[in-house]
Amino acid sequence: MGDERVKEEALQIIGMFQVLPRLVVFDLDYTLWPFYCECRSKGEMPSMYPQAKGILHALKEKGIGIAIASRSPTPDIAKTFLDKLNMKSMFSAQEIFSSWSHKTEHFQRIHSRTGVPFSSMLFFDDEDRNIQAVSKMGVTSLLVGNGVNLGAFRQGLVMHSQNAETAEKNLNRWRTKYSQQSKSSRSEEKN
Ligand SMILES: [Mg+2]
């Protein structure tokens, strides 16, 4: 499937959801491309997973922000590759630095740079420990086994809308409870 076909399919998938994330965050190594940057040299021409580019362009077209959270120890190589792939200007945040935290620091920075709340973010990564840590922050996070593809993309959007629905229900439950309490306290005041 060519990039354009993938983009069309990704746009159709996006169109099926009423609630969408405001920002989709991607890891680099083994999520957007099938290698570790530190094992490559800057002179090489990288390529992404076959469906990654189409998905990124579909998000961009729909006005959904995209960002990078990578713990690569060679950010210079990662940035050179993003440049070679004509991707450099697409991201509203690019946090590429090695860290002992499992990307929680990356997400704090992405949040302060973009102002997007964690609950409106969707994150794709191939490492379980990153997924665990970041989902605890309230970000919908999906583990990818074979890079980002249309299947993982759809699943991520489903998970995000389910999380948003649960949050909405909890908020409504709290509102109902609160308004009942304030009604009963008002009637007590009258008596
Ligand atoms: Mg990775």
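The following legends describe close-up views of a predicted model.

Local features of this predicted model are given only where pLDDT is at least 70, and side-chain atom pairs count only at pLDDT 80 or more, whereas totals for chains, interfaces and linings use all residues. Residues are numbered from 1 along each chain as its sequence is written.

**View 1. The protein chain as a whole.** The protein chain contains six helices and five strands; helices (H or I, at least four residues) and strands (E, at least two) are DSSP runs, numbered from the N terminus. In sequence order, these elements follow the pattern α-β-α-β-α-β-α-β-α-β-α. Along the principal axes, the C-alpha atoms occupy a box of roughly 80 × 40 × 25 Å. Of the 191 residues, 32% are buried; a residue is buried if 20 or more other C-beta atoms lie within 10 Å of its own, exposed if 12 or fewer, and partly exposed in between, with C-beta atoms placed from the backbone.

**View 2. The open sheet.** Five strands in the order β3-β2-β1-β4-β5 make up an open sheet with parallel pairing, where two strands pair if DSSP finds at least two bridges between them. Because β3 (93-96) and β5 (140-143) each have a single partner strand, they stand at the edges, and one side of each is left without a neighbour in the sheet. On average, neighbouring strands are turned by 15° against each other, direction ignored; axes are lines fitted to C-alpha atoms, for helices over the stretch in contact, and angles run from 0 to 180 degrees between N-to-C directions.

**View 3. Strand β1 and its two partners.** Strand β1 (residues 23-26) is joined to the parallel strand β2 (residues 65-70) by four bridges. Here L23 stands opposite G65, and V25 has A67 as its bridge partner. The crossover from β1 through α2 to β2 is a right-handed β-α-β crossover: with the strands pointing away from the viewer, the path from the first strand over the helix to the second runs clockwise. Strand β1 also pairs with β4 in the parallel sense, over four bridges, and V24 stands opposite L122 of β4. L23 and V25 point one way from β1, V24 and F26 the other way, and all are buried.

**View 4. The largest nonpolar core.** This core has 39 residues, and V25, I55 and V148 have the most contacts inside it. A nonpolar core is a set of buried Ala, Val, Leu, Ile, Met, Phe, Trp, Tyr and Cys residues joined through C-beta atoms within 7 Å. Helix α2 (residues 52-61) supplies the largest share of the core, five residues. Neighbours within four places in sequence set aside, I55 is in contact with V6, A10, V148 and F153; contact requires C-beta atoms, placed from the backbone, to lie within 7 Å.

**View 5. Helix α3.** I77, A78, F81 and L82 are the buried residues named for helix α3 (residues 75-84). They lie on the same side of α3 because they cover an arc of only 135° around the axis, the arc being that of the directions from the helix axis to the C-beta atoms. These buried residues pack against β2 and β3. The face turned away from them carries the exposed residues D76 and D83. Just after α3, N86 takes a positive phi of about 60°.

**View 6. Helix α4.** In helix α4 (residues 104-114), the buried residues are H106, F107 and I110. Their arc around the axis is only 95°, so they are on the same side of α4. They pack against β1, β2, β3 and α5.

How values were computed
Two residues are in contact if their C-beta atoms, placed from the backbone, lie within 7 Å.
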